[in-house]
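Welcome! Please take a look at the structure below, and then we will walk through a ligand site and some helix pairs together.

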Amino acid sequence: METGSVIEVINVHKSFKTVQAVRGIDLHIGAGQFVAILGPNGAGKTTLVEMIEGIQQPDKGEIFILGKTWKGNEAYLRRLIGLSLQETHFIEKLTVWETLRLFASFFGIGKERCEEVLHLVAMEEKRKAWVVNLSGGQRQRLALGISMLNNPRILLLDEPTTGLDPNARREIWAILNKLKDGGQTSMILTTHYMEEAEQLCDYIVIIDHGKILKQGTLNDLLGEILDLPVKPAEIRKITLDDLFTSLTGRHLND
Amino acid sequence: MIERISNSQLFQLIMANMKELIREPGVLFWGIVFPILMSLGLGVAFTKKKDVITHIAVVGQNHLMPQPTDTSSLLLSFLQTNKASLEKSSQGFISRRLTIPDDKLGNTTFIFQAMDWQKAMVLLKRGNLNIVLDEKHGIIQYHFDPMNPDAQLIYLKLSKMFNASGPVIREANTEINPLTVSGTRYIDFLVPGLIAMGVMMSCMWGVSYAIIERRAKKLLRRMVATPMKRSNFLLALITVRILMNFVEAGLLFLVAWLAFGTTIQGSVAALITLFIAGNLAFAGIAIFLASHTAKTEIGNGLINALSMPMMVLSGIFFSYHNFPEWSISTIQKFPLTMMADGMRSAFIEGAGFAELTMPIIILSAIGVLFFTAGMKVFKWY
Ligand SMILES: Nc1ncnc2c1ncn2[C@@H]1O[C@H](COP(=O)(O)OP(=O)(O)OP(=O)(O)O)[C@@H](O)[C@H]1O
Ligand SMILES: [Mg+2]
């Protein structure tokens with residue numbers, strides 16, 4: 001495997017009974033890189049990310065995190081990774097603060113870092129609110145805060161903004177952009193939203209039916225447009241959404 | 001030091017479970033208030049002596065009301081001597097009421113109602129009364145079904161009352177000593193069983209269901225995707241449950257002691273050890289039940305399928321010795337039976353470690369066995 005790669009995914013496959021969720025994916029993610037995995041429902045995003053997170057095991061292929069496999073290194077890797085799952089319901093009748101303290105304790109982290117994170121995700125006012133009483137956006141911010149408690153070297157976020165209104169989404173983008181400026185963290189995030197990939201990530205992987213359709217930097221991918229049958233005057237209006245449609249014949253949010 | 005403890009995984013997990021528990025009013029009601037209410041209700045219903053009201057049909061009015069033509073009725077003069085009160089219902093039925101006070105067995109009130117034979121037969125068939133009286137030529141006639149024990153009892157009471165010469169209410173030749181010493185009442189049977197059942201239900205819902213729900217909500221996998229020690233997760237759930245069960249059992253006992261004078265006649269240390277062993281058994285079973293499924297409906301079904309039969313068969317509300325002979329040795333092997341029987345013998349038979357060591361060992365072994373089997377197949381993700 002290459003040195004310098006934070007995450008190496010090599011020819012990974014995963015099937016459930018009749019569904020082939022992931023069909024031979026390769027990925028190389030470097031230090032400090034922010035990568036978006038873009039794809040429609042059922043594309044295999046969650047399955048791929050959860051295999052990287054060590055929550056699911058691939059049927060075939062190999063995954064290295066910081067040069068190590070999950071097998072035999074789980075205790076070590078868990079300390080370095082932060083993640084948020086596509087849907088997690090935290091304990092309803094704990095407050096935001098208590099939830100942070102609980103998860104911090106798993107890493108042996110104390111109060112000070114919880115205060116920092118609370119500030120980072122702008123939830124100081126909700127410190128004493130029960131999780132059950134939070135709005136969707138606040139819950140996502142709490143989940144994001146929990147994923148950042150241990151100052152992770154690798155952050156893996158599964159659809160962190162799905163279902164949020166544009167404002168709530170932008171708040172989360174702001175938090176992540178700040179993290180990106182820090183330069184200490186590599187991130188993979190899955191999303192349905194073109195705009196999110198454009199805003200946050202310097203490398204974009206488009207997948208569908210468990211396979212990579214295209215990958216590259218934003219500019220690489222926009223370059224593809226030149227091959228599309230559109231007039232030069234329209235190029236500026238074209239986004240990755242159109243690219244996706246031209247690749248698959250479907251819209252991204254279908 | 002305090003900082004170290006409050007930052008520790010186990011402490012935070014225990015606190016989280018504890019807070020979740022006490023912030024859920026339903027849990028407190030069903031876990032603590034309900035069993036107490038149930039024991040109070042059943043205790044009062046089955047422990048207090050009952051006042052009995054017995055209706056007796058008297059064929060012919062003239063035995064209840066003085067008639068100008070005939071004054072020779074034995075029954076009437078008996079009732080008059082004993083000052084039986086005369087009542088007339090709105091429909092014109094005449095009745096006389098006679099109460100025989102009895103501190104020990106409860107008062108008995110006889111209501112003699114005048115009616116014709118047909119009406120008496122209808123009421124008899126409906127079960128509204130058991131005995132019909134008539135008087136002809138100076139002879140009291142009793143009509144009742146000799147196969148009916150209630151009727152027999154009323155007959156005995158009536159005949160005794162009539163035969164006693166002079167005023168009816170006086171010391172009889174025989175003395176009745178009702179068995180109401182502590183330890184033989186229904187409440188004394190019920191409380192230890194209710195405590196055992198409380199432990200079972202609490203473990204089933206508080207450990208089993210809690211795990212399944214956390215798995216269903218993906219909280220379990222989220223927690224396991226951190227350096228959290230899995231053993232701490234389970235230990236915290238069980239610890240909080242056992243604490244809660246101690247509070248629950250303690251309160252139930254306290255109320256039974258205040259309301260009914262229930263006492264522990266055997267070894268308290270042995271009783272507590274047995275209580276802990278029972279907790280371990282049910283916590284182990286709970287973890288085994290919760291080891292695989294991520295569907296709360298299935299969890300619900302599993303819990304009910306396991307706990308319902310034990311609730312009915314294990315002799316919580318009534319003795320399992322009423323069940324057929326062949327089933328008893330099986331019933332006695334149920335963990336709930338073992339715990340309830342053990343608790344009961346410590347409460348009311350004065351049992352100590354000598355009698356309880358066996359159930360303590362078996363219950364603990366059940367706990368360890370199910371826990372180990374559960375961990376083997378436990379689905380964390
Ligand atoms: N545990 C499972 N059992 C059976 N099939 C599964 C399981 N998990 C995923 N799948 C199937 O695998 C395919 C990929 O699912 P996955 O959740 O990875 O998609 P996704 O890209 O994350 O979709 P979404 O955008 O809706 O979250 C889907 O067809 C899904 O039905
Ligand atoms: Mg998904």
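Keep in mind that this is a predicted model.

**Around ligand 1**

- Ala43(A) takes part through its backbone, with an N or O atom 3.1 Å from an oxygen atom of the ligand.
- How much of ligand 1 does the protein cover? On its own, ligand 1 has 630 Å² of accessible area, and the protein covers 63% of that.
- There are 14 residues around ligand 1, and those that come nearest are Asn41(A), Lys45(A), Thr46(A), Thr47(A) and Gln86(A).
- Sorted by class, the shell holds 7 polar, 5 nonpolar and 2 charged residues.
- Two elements of chain A, strand S2 (19-30) and helix H1 (45-52), each give at least two residues to this shell.
- The largest share comes from H1(A), which supplies 3 residues.

**Helices H10 and H14 of chain B**

- To describe two packed helices, we use the angle between their axes and the distance between the axes.
- In chain B, helix H10 (residues 268-289) packs with helix H14 (residues 353-377) at an angle of about 20°, and their axes are 7 Å apart.
- Angles under 35 degrees count as roughly parallel, so H10(B) and H14(B) are roughly parallel to each other.
- H10(B) and H14(B) make a left-handed crossing.
- The contact of H10(B) with H14(B) has 20 nonpolar and 6 polar residues, but no charged ones.

**Helices H7 and H9 of chain B**

- Helix H7 (residues 186-216) and helix H9 (residues 230-260) of chain B cross at roughly 155°, and their axes come within 10 Å.
- Angles over 145 degrees count as roughly antiparallel, and H7(B) and H9(B) are therefore roughly antiparallel to each other.
- The crossing of H7(B) past H9(B) is right-handed.
- In the contact of H7(B) with H9(B) there are 16 nonpolar, 4 polar and 3 charged residues.

**Helices H5 and H6 of chain A**

- Back in chain A, the axes of helix H5 (residues 136-148) and helix H6 (residues 166-182) cross at roughly 15° and come within 9 Å.
- Which way do H5(A) and H6(A) run, roughly parallel or roughly antiparallel? At that angle, H5(A) and H6(A) are roughly parallel to each other.
- H5(A) and H6(A) have a right-handed crossing.

Methods. Residues are numbered from 1 along each chain as its sequence is written. Chains are lettered from A and ligands numbered from 1 in the order in which they are written. This is a predicted model: local features need pLDDT of at least 70, side-chain atom pairs count only at pLDDT 80 or more; totals for chains, interfaces and linings use all residues. Side-chain values use heavy atoms; hydrogens and water are left out. A residue is near a molecule or strand if one of its heavy atoms lies within 4 Å of it. A polar contact is a pair of N or O atoms within 3.5 Å; within protein, one must be able to donate a hydrogen and the other to accept it, and residues adjacent in sequence count only if both atoms are side-chain atoms. Accessible areas come from the Shrake-Rupley method with a 1.4 Å probe; for residues, only the protein chains shown count as cover. Helices (H or I, at least four residues) and strands (E, at least two) are DSSP runs, numbered from the N terminus. Ala, Val, Leu, Ile, Met, Phe, Trp, Tyr, Cys and Pro count as nonpolar, Asp, Glu, Lys and Arg as charged, and the others, Gly among them, as polar. Axes are lines fitted to C-alpha atoms, for helices over the stretch in contact, and angles run from 0 to 180 degrees between N-to-C directions. Angles under 35 degrees count as roughly parallel, over 145 as roughly antiparallel, 65 to 115 as roughly perpendicular and the rest as oblique. A crossing is left-handed if the near helix is turned anticlockwise from the far one by less than a right angle, and right-handed if clockwise.
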